[in-house]
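Open the model in your viewer and keep the selection panel at hand. This tour moves from stop to stop and says what to pick at each one.

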Number of protein chains: 4
Amino acid sequence: MNSFGKLFRISIFGESHGESVGIVVDGCPAGIPLKLADFNADFSRRRSGAKGTTPRRESDLPRIMSGLFNGHTTGAPILVIFENTSTRPEDYSRLKDIPRPGHADFTAGRKFGGYQDYRGGGHFSGRLTLGLVAAGVIAKKVIGPVEVRATILEAGGNADIEAAIDRAVEARDSIGGIVECRISRVPAGLGEPFFDPVEALISHIVFSIPAIKGIEFGSGFHAAKMTGSEHNDNIISTDGTTETNHAGGINGGITNGNEVLFRVAVKPTSSIHQVQRTMNLRSGRLEELTVEGRHDTCIALRVPVVVEAAAAVVMADLMLQAQQADRVYKK
Amino acid sequence: MNSFGKLFRISIFGESHGESVGIVVDGCPAGIPLKLADFNADFSRRRSGAKGTTPRRESDLPRIMSGLFNGHTTGAPILVIFENTSTRPEDYSRLKDIPRPGHADFTAGRKFGGYQDYRGGGHFSGRLTLGLVAAGVIAKKVIGPVEVRATILEAGGNADIEAAIDRAVEARDSIGGIVECRISRVPAGLGEPFFDPVEALISHIVFSIPAIKGIEFGSGFHAAKMTGSEHNDNIISTDGTTETNHAGGINGGITNGNEVLFRVAVKPTSSIHQVQRTMNLRSGRLEELTVEGRHDTCIALRVPVVVEAAAAVVMADLMLQAQQADRVYKK
Amino acid sequence: MNSFGKLFRISIFGESHGESVGIVVDGCPAGIPLKLADFNADFSRRRSGAKGTTPRRESDLPRIMSGLFNGHTTGAPILVIFENTSTRPEDYSRLKDIPRPGHADFTAGRKFGGYQDYRGGGHFSGRLTLGLVAAGVIAKKVIGPVEVRATILEAGGNADIEAAIDRAVEARDSIGGIVECRISRVPAGLGEPFFDPVEALISHIVFSIPAIKGIEFGSGFHAAKMTGSEHNDNIISTDGTTETNHAGGINGGITNGNEVLFRVAVKPTSSIHQVQRTMNLRSGRLEELTVEGRHDTCIALRVPVVVEAAAAVVMADLMLQAQQADRVYKK
Amino acid sequence: MNSFGKLFRISIFGESHGESVGIVVDGCPAGIPLKLADFNADFSRRRSGAKGTTPRRESDLPRIMSGLFNGHTTGAPILVIFENTSTRPEDYSRLKDIPRPGHADFTAGRKFGGYQDYRGGGHFSGRLTLGLVAAGVIAKKVIGPVEVRATILEAGGNADIEAAIDRAVEARDSIGGIVECRISRVPAGLGEPFFDPVEALISHIVFSIPAIKGIEFGSGFHAAKMTGSEHNDNIISTDGTTETNHAGGINGGITNGNEVLFRVAVKPTSSIHQVQRTMNLRSGRLEELTVEGRHDTCIALRVPVVVEAAAAVVMADLMLQAQQADRVYKK
């Protein structure tokens with residue numbers, strides 16, 4: 001459903017062209033300083049406007065409607081809401097009958113029986129990630145010294161990302177990309193066997209971000225081509241520091257104290273300025289479709305801050321869950 | 001923790017060299033025919049003994065201790081237990097102080113403060129997957145016509161898998177591999193936005209399988225190098241059939257009725273017959289370590305049936321959750 | 001935490017004198033007609049103003065910020081929010097140091113380390129039930145023909161409720177009451193053994209309503225004084241109809257098709273216009289305290305519609321979970 | 001479903017006359033000393049044999065099948081299983097068609113479509129509480145200094161319990177009773193607003209115990225007849241100690257540091273040695289039914305240790321969840 005987490009629990013809501021998008025953060029510890037300006041840096045990284053991103057200028061002004069008092073979190077749920085203002089009155093109703101290739105138009109219709117808000121992707125829109133980024137800003141405060149940092153490694157298979165985007169814009173096409181995330185100063189011992197290893201939790205939330213189609217930890221898919229003697233990371237310190245980090249900082253699903261490292265594959269934006277073929281569900285005839293409007297050439301450009309938020313939410317939850325010896329009252 | 005699923009919920013337990021391993025399946029519908037012989041085929045696929053797998057012959061004889069009556073499931077929890085018999089009385093206690101590279105020895109110690117059962121990996125052992133495979137056998141019955149099928153594509157980067165294993169055995173080393181899974185006859189509309197898309201659920205449980213370090217859906221990491229015009233799957237039928245299947249049968253996290261397709265990366269077995277370096281946590285000195293005993297050259301060989309089980313569990317849970325119009329009692 | 005339910009899941013937020021109160025309803029089926037006017041009847045039953053209730057006139061105007069499109073639910077989360085307007089600028093800060101007897105002032109401080117929003121009870125205020133009533137309005141639509149109806153049976157131990165309130169107002173004191181709830185046209189077979197029997201689910205959510213201190217089903221506490229031959233309900237029809245209903249419509253935690261019946265005990269409002277003794281946590285000295293302001297003489301008067309909402313939420317969740325034979329795809 | 005708890009999570013399974021009953025305890029901290037003898041005292045309190053309890057002598061010998069190593073818990077799930085041995089080969093099949101009044105025979109049939117194990121109540125049997133008591137033994141160790149103690153206050157409305165039972169045995173009837181539970185040395189600050197107040201959690205698990213039909217905290221139903229000036233507990237110490245304890249140690253759903261106090265109503269045993277009327281579901285005709293076999297005159301006699309276990313499980317879960325300042329890593 002639309003919630004994630006156990007002790008640090010987020011519940012997302014909203015639609016691209018409805019009244020609002022936003023998130024409720026439940027289980028955030030009391031006493032954390034929080035103000036609107038804290039959101040600026042991450043919102044600005046997520047925002048569109050740069051080359052390769054949609055020219056739609058969204059209103060990203062958050063309102064904190066609960067859980068904040070005297071400049072600090074109170075321990076009660078924090079509601080962050082963004083009212084939608086940049087919606088256009090254009091007619092989206094044909095999306096219901098003529099599903100765009102690569103989009104959730106068809107599947108949403110099958111899931112919700114035609115009652116879904118189909119305008120601009122509705123509840124499936126990338127605009128929903130605004131709430132996730134807001135939760136990430138709060139989560140980053142909860143995890144304190146632990147640092148999460150994601151960057152884009154390549155776009156369209158090209159490390160010269162700017163060149164790749166120029167070429168795609170010219171071709172009126174879109175391109176995918178690879179985003180890498182590193183979490184440093186992670187305490188050893190996070191993660192819960194058997195079904196909540198760190199990889200499982202991170203991948204669960206990361207695949208909730210639209211357009212993600214793959215994830216790998218440490219050497220990842222390359223590990224499948226390695227031998228054990230190459231892949232095993234020798235332990236060289238009593239604190240668990242390893243010589244190499246093919247494991248991506250995780251053994252047996254539990255953090256080993258080294259940097260947690262993962263990469264995600266972002267598919268090319270589904271909306272392109274080209275004629276595509278699809279089925280008209282009402283007439284039962286194949287049609288040609290041109291997706292109008294504003295959209296990103298390379299959505300991967302806007303993904304890093306969202307992946308960071310997702311990883312921070314997982315770390316916050318795990319750090320609150322961590323079984324510490326002093327929490328046990330042994331008889 | 002050690003449970004997974006919402007309506008079809010599994011809880012795993014056990015240790016490699018403890019009393020038992022097994023699983024509790026809760027939420028399985030009543031009236032499904034089930035007998036011990038139903039487990040044979042999948043257990044035999046998981047079992048060791050073939051070239052490239054450990055010569056340890058495990059007792060895989062399940063006992064069903066609850067939830068079964070007159071040859072059918074009753075709707076109450078089903079406990080499947082496997083008592084351990086092939087354990088050896090050898091001394092594993094040094095693993096506590098001298099963690100093996102690539103294993104969970106160090107992280108388990110940090111997580112459980114030295115109280116973990118360290119014998120043969122304890123609760124982190126691949127033997128735990130026996131319970132998961134048992135749950136998979138039951139899940140496959142729940143999903144009926146839906147079929148899940150996983151196979152190994154390559155080992156050590158080589159599609160000639162037998163040759164790859166011969167070479168690794170000779171080198172006294174281990175190798176990784178790639179496993180592909182296909183789910184066919186999937187109804188459209190499964191998956192729950194925002195945080196329970198199909199990719200999230202499958203990756204969550206799949207990363208719980210020891211040794212998995214990556215997962216990708218449809219074109220996966222290759223999608224990051226594609227353009228939108230290449231990657232978008234044209235819809236060519238009102239039932240959602242697409243011309244290509246780059247999306248792996250999932251749009252917006254919801255099944256689109258085409259085959260669900262994913263691949264996982266399996267790292268090389270951590271146990272190898274070579275001298276490795278690690279830290280003696282007690283003495284604080286680096287030591288050389290040789291891992292003795294029986295182990296798999298290529299654990300990926302035994303992974304397909306486990307991945308199938310994991311995917312079947314997700315499908316069972318989603319099919320029980322599916323919001324059907326006739327389940328709504330509208331005023 | 002602040003969420004309840006499995007498939008029909010509600011997440012509550014807000015503070016009495018903060019920005020807002022409200023609720024997110026996740027898992028509501030798509031296609032249910034919903035408009036603002038649907039909330040009027042229940043909000044008006046909950047509203048204060050009648051004799052025995054606080055003269056504070058709250059703004060109960062809901063805004064639906066997501067999950068609604070073309071007058072129907074979409075299947076996506078529904079956010080209902082109430083902005084607070086009737087808050088007073090008075091100084092509540094001394095509540096932090098001088099906890100009111102019977103209130104959550106002391107416990108909130110211990111739980112949240114002094115960071116809680118203490119104004120008017122903050123997150124512990126009865127105003128939070130506004131969100132629950134809103135969720136109840138939606139839940140009642142989901143359960144269709146099933147009807148939930150709660151009424152007040154007595155106040156201050158007196159079935160002449162008006163007289164009891166007159167007496168309490170005169171004494172500048174408050175009184176408790178008993179509320180009874182009946183759920184009719186319930187399908188047999190709802191409830192989940194072992195840990196989710198109907199009584200467990202209803203009591204869980206009902207005790208979340210401020211001021212509830214007891215609950216009993218069917219004959220309840222009186223059953224403890226009965227014999228089996230008196231208490232057992234003879235079954236007189238193949239549809240499960242019983243001659244009597246001492247069981248309150250539930251056997252073994254599962255609905256039996258008869259009316260579900262329970263009663264709750266509501267304690268007297270904690271705020272009274274009398275001098276009380278409490279501890280000044282800052283000075284460490286006992287003090288006399290007079291609670292100023294507007295408050296209910298008998299909060300039980302406003303509880304029935306909240307109990308109805310709670311019961312409707314449970315029924316909605318159980319009806320969506322009901323294991324129906326046609327949801328099983330047997331091999 | 002058959003699980004309860006968040007961080008200290010129990011999963012119950014089994015049937016009265018099937019292979020076994022038992023429980024899995026997940027999330028128990030590592031390092032707690034545990035041996036079979038630790039179960040003796042509580043099992044013996046639960047055991048039948050005394051006057052007023054069934055003469056069936058159950059085998060209550062637990063086997064710990066996982067999660068225990070070198071005499072301590074390991075942090076992995078603990079499976080405690082009891083194999084059934086005292087089952088009789090008698091024919092229970094007519095229970096399927098002729099449901100006993102007061103039992104779950106009819107509702108189980110409606111829920112599970114006739115596939116339920118109907119022998120001796122199957123999964124609905126009181127024998128399942130054996131697993132809950134086992135979990136309680138472990139939970140009591142987790143909560144350390146906190147003490148849980150339940151006793152029976154009255155049977156059949158009579159404080160002279162022995163006399164009440166003599167009379168009921170003579171009448172070949174059964175009687176109910178009231179059980180009181182007190183939890184002492186409870187830290188202040190446990191419980192989670194809004195939906196997980198302490199009363200909600202305790203009542204949830206307590207109503208899972210067969211035969212419980214009511215629960216009240218502190219003054220409970222009597223509070224409904226009190227005034228606020230009588231009911232409010234004056235705070236007389238900075239640690240939260242109150243002069244009286246009408247609140248049962250809980251304000252706003254959060255423990256206030258005083259004794260947590262609640263009472264439960266236990267209905268009379270449904271099985272009685274008298275002729276009763278019920279419906280034959282197959283023939284559609286009313287029939288007379290005499291329930292044969294061994295059963296308790298007053299099941300309430302065996303309930304205290306089960307209620308203790310339930311309360312201990314809740315306390316263990318809440319104490320592991322407690323948000324402690326030192327678990328927050330503020331930036």
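## Stop 1: loop residues with positive phi

Select C:Arg185, which sits in the loop between S9 and H6 of chain C. Strands (E, at least two residues) and helices (H or I, at least four) are DSSP runs, numbered from the N terminus. C:Arg185 is not a glycine, yet its phi is positive, about 60°. It has 11 C-beta neighbours inside 10 Å, so it counts as exposed. The cut-offs: a residue is buried with 20 or more other C-beta atoms within 10 Å of its own, exposed with 12 or fewer, and partly exposed in between, the C-beta atoms being placed from the backbone.

Before going on, note that this is a predicted model, in which local features need pLDDT of at least 70, side-chain atom pairs count only at pLDDT 80 or more, and totals for chains, interfaces and linings use all residues. Residues are numbered from 1 along each chain as its sequence is written, while chains are lettered from A and ligands numbered from 1 in the order in which they are written.

Now select C:Asn70. It lies in the loop between strand S5 (68-69) and strand S6 (72-73) of chain C. C:Asn70 is not a glycine either, and its phi is positive at about 55°. With 9 C-beta neighbours inside 10 Å, C:Asn70 counts as exposed.

## Stop 2: cis peptide bonds

Go to C:Phe194, in the loop between strand S9 (177-184) and H6 of chain C. The bond that joins C:Pro193 and C:Phe194 is a cis peptide, with omega about 0°. Switch to chain A. A:Pro193 and A:Phe194 are also joined by a cis peptide bond, omega about 0°. A:Phe194 is in the loop between strand S9 (177-184) and H6 of chain A.

## Stop 3

Two packed helices are described by the angle between their axes and the distance between the axes.

Select helix H6 (residues 198-206) in chain C and helix H8 (residues 303-321) in chain C. They pack at about 140°, with axes 9 Å apart. The axes are lines fitted to C-alpha atoms, for helices over the stretch in contact, and the angles run from 0 to 180 degrees between N-to-C directions. H6(C) is therefore oblique to H8(C). Angles under 35 degrees count as roughly parallel, over 145 as roughly antiparallel, 65 to 115 as roughly perpendicular, and the rest as oblique.

Show side chains. From H6(C), C:Leu201, C:Ile202, C:Ile205 and C:Val206 meet C:Val307, C:Ala310, C:Ala311, C:Val313 and C:Val314 of H8(C). Contact here is C-beta to C-beta within 7 Å, with the atoms placed from the backbone. By class, this contact has nine nonpolar, no polar and no charged residues. Ala, Val, Leu, Ile, Met, Phe, Trp, Tyr, Cys and Pro count as nonpolar, Asp, Glu, Lys and Arg as charged, and the others, Gly among them, as polar.

Next, take H6 (residues 198-206) of chain A with H6 (residues 198-206) of chain B. Their axes come within 8 Å and cross at roughly 175°. H6(A) is therefore roughly antiparallel to H6(B). A:Ala200, A:Ser203 and A:His204 meet B:Ala200, B:Ser203 and B:His204. The residues of this contact of H6(A) with H6(B) divide into two nonpolar, four polar and no charged.

## Stop 4

Which residues of H3(A) are buried? Select 105-112 in chain A: eight of the eight residues are buried. They are A:Asp105, A:Phe106, A:Thr107, A:Ala108, A:Gly109, A:Arg110, A:Lys111 and A:Phe112. They pack against helix H2 (94-97) of chain A, and against strands S11 (250-251) and S12 (254-255) of chain B. A:Gly113 follows H3(A), with a positive phi near 60°.

Move to C:Ala108, in helix H3 (residues 105-112) of chain C. It counts as buried because it has 32 C-beta neighbours inside 10 Å. Apart from neighbours within four places in sequence, C:Ala108 contacts C:Gln116, C:Tyr118, C:Gly122, C:Phe124, D:Gly252 and D:Ile254.

## Stop 3: chains C and D

Terms used:
Contact = placed C-beta atoms within 7 Å.
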